[in-house]
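Try each task yourself before you read the solution.

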Amino acid sequence: QGIRSQALVSVTARALSLALGIMGKFLKAGRIVVLLQGRYAGKKAIIAKVFDDGSRPRRFGHCLVAGVARTPMKVTKAMS
């Protein structure tokens, strides 16, 4: 009966978090992401710092990313 009550509690907690609109924290430092909007849309980046609770100027969860704005140039014989 103990296992069943634990499963019931976990299902209830999940249902409560879904009802309240609470999301799991999936943005973690070191993860590779693809930017979807703005000037760098479609570019790959790495999450450097996560602000799950937001900050004073941005009241929503966001993160600081670092990435490559432009793909590296191809090395040619003329460069040597």
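Some ground rules come before you start. This is a predicted model, where local features need pLDDT of at least 70, side-chain atom pairs count only at pLDDT 80 or more, and totals for chains, interfaces and linings use all residues. Residues are numbered from 1 along each chain as its sequence is written, and side-chain values use heavy atoms, with hydrogens and water left out.

**Exercise 1.** Work out which pattern the chain follows along its sequence.

*Solution.* Start by listing the helices (DSSP runs of H or I, at least four residues) and strands (runs of E, at least two), numbered from the N terminus. You end up with 1 helix and 3 strands. Now read along the sequence, and the pattern is α-β-β-β.

**Exercise 2.** Decide whether His62 is buried or exposed, and find what it touches.

*Solution.* Next, recall the cut-offs: buried means under 20% relative accessible area, exposed over 50%, and partly exposed in between (1.4 Å probe, protein chains only). His62 counts as buried because its relative accessibility is 15%. Last, look for contacts (heavy atoms within 4.5 Å). Apart from neighbours within four places in sequence, His62 is in contact with Val50, Phe51, Asp52, Gly54 and Ser55. For the whole chain, buried residues make up 4% of the 80 residues.

**Exercise 3.** Find the residues that line the largest pocket.

*Solution.* Here's the idea: rolling a probe the size of a water molecule over the atoms shows where empty space is left. A pocket is an open set of points on a 1 Å grid over the protein atoms alone, where a 1.4 Å probe fits, with protein on both sides within 12 Å along at least five of seven lines; lining residues have an atom within 4 Å of a point. The lining of the largest pocket is Leu27, Val33, Val34, Leu35, Leu36, Cys63 and Val65. Strands E1 (32-34) and E3 are the elements that give two or more residues to this lining.

**Exercise 4.** Describe where Thr71 and Val75 lie, and say whether each is buried or exposed.

*Solution.* Take position first: Thr71 lies in the segment after E3, and Val75 lies in the segment after strand E3 (62-67). Then check the areas: Thr71 is exposed, because its relative accessible area is 61%. Val75 is exposed too, at 69%. To finish, compare sequence with space: Thr71 and Lys43 are 28 residues apart in sequence and 9.3 Å apart in space, C-alpha to C-alpha.
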